[in-house]
Amino acid sequence: MKKLFGLLGILTFTLLSAQASGIDWSSLNVEKAIAKANAEHKLVFIDVFATWCGPCKYLDKKVFPDAELGAYFNAHFVNLELDGERGEGPQIIQRYGVEGFPTLLFIDGDGKLIHKQVGALDAPSLLQMGREVVDPTSSPVYQMKQAFAEGKRDKAFLSDYMIELLQRDKDPTEPATAYAETHPELDLDTEIEFLVFLFGVHDLDHPVAQTYLANIKTFENRFPESGQYKIGFFLKDYGARAIDARDPEIGLRAIRAVHPALKKLLGKEVPKLKEMQASFREAYAAEVSTGAADGG
């Protein structure tokens, strides 16, 4: 009898261990996994890792064994672990634009990339991401996008939408621009409205832009590394406007407007105004010439 109970205990432990084993990894190669997913009306989940990568080991030991995560991913995905530096790893890295480890890829049954996550997540966050990949309508971003399309423009909503996009490494320009247009008197001393300015103010004549450029060192001390981003944003945007309008003065005017601020920011390292203008004229002429040759 004791032997029987012992066997039952071993069997129970084995069953419980199997149930709590987390994600079940397939031994298929990527193409066969995609074909399997297509046939079974599933998606493909790929953990692209490197053997030396600390966050990759965290995922392997602490996240992927999670029972709830495993149950959901095993039901909805064909799951693959792929060493990015061996076998077909380098090919997949190139195919899907992997730039770091770990990178988590979600791919449909046609081999199309649906979503890419760079860096490790905890189990609840990865589970939520998986659910949103399977059903995009469950995503807060999807719901916010719908509300935005329906005309919602209050400050709290637009700031929440912008932050949600930033946290997901997505472009926050749309809600930030709407915030700046709907509530133009921005307070740059607050983090939220400074972010609105960074991503949503496109006009150098905007009063807030003038305030920012005149006091760029103060804002740079408060929000490090923001200055070069914002000046670069203005120059790129006005350069594109100049190309579209076939008017180089649009770009040259922007250079003149931001150069004093850039000088405050970089000191002796900043190129001289004439040098920046000459470089722009050269780039403008090359772009216009290429566009004309292409029939643009």
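**View 1. Contacts of Tyr 161 in the predicted model.** Leaving aside neighbours within four places in sequence, Tyr 161 is in contact with Val 141, Met 144, Lys 145, Phe 148, Glu 174 and Pro 175. The view, like those that follow, is drawn from a predicted model. Tyr 161 belongs to helix 8, which spans residues 155-167. Is this tyrosine, Tyr 161, buried or exposed? The relative accessibility of Tyr 161 is 3%. Buried means under 20%, so Tyr 161 counts as buried. One of the contacts is Phe 148. Tyr 161 and Phe 148 are 13 residues apart in sequence. In space, their C-alpha atoms are 8.8 Å apart.

**View 2. Strand 3, enclosed in the structure.** How many of the five residues of strand 3 are buried? Five of the five, residues 103-107, are buried, so strand 3 is largely enclosed by the rest of the structure. Both faces of the strand are covered. On one side sit Thr 103, Leu 105 and Ile 107.

**View 3. Strand 1 beside strand 3.** Strands of a sheet pair through backbone hydrogen bonds, either parallel or antiparallel. Strand 1 (residues 43-49) and strand 3 run antiparallel. Five bridges join them. Ile 107 in strand 3 stands opposite Val 44. Leu 105 in strand 3 is the bridge partner of Ile 46.

View 4. Strand 4 covers residues 113-118. Strand 3 and strand 4 pair in the antiparallel sense, over five bridges. Ile 107 stands opposite Leu 113 in strand 4. Five residues lie between the two strands of the hairpin. Which residue in this hairpin takes a positive phi? Gly 111 does, with a value near 85°.

Technical notes:
Residues numbered from 1 in each chain as written. Predicted model: local features only at pLDDT ≥ 70, side-chain atom pairs only at ≥ 80, totals over all residues. Heavy atoms only, no water. Buried < 20%, exposed > 50% of the residue type's maximum accessible area, 1.4 Å probe, protein only. Helix = DSSP H or I, 4+ residues; strand = E, 2+ residues; numbered from the N terminus. Pairing = 2+ DSSP bridges. Contact = heavy atoms within 4.5 Å.
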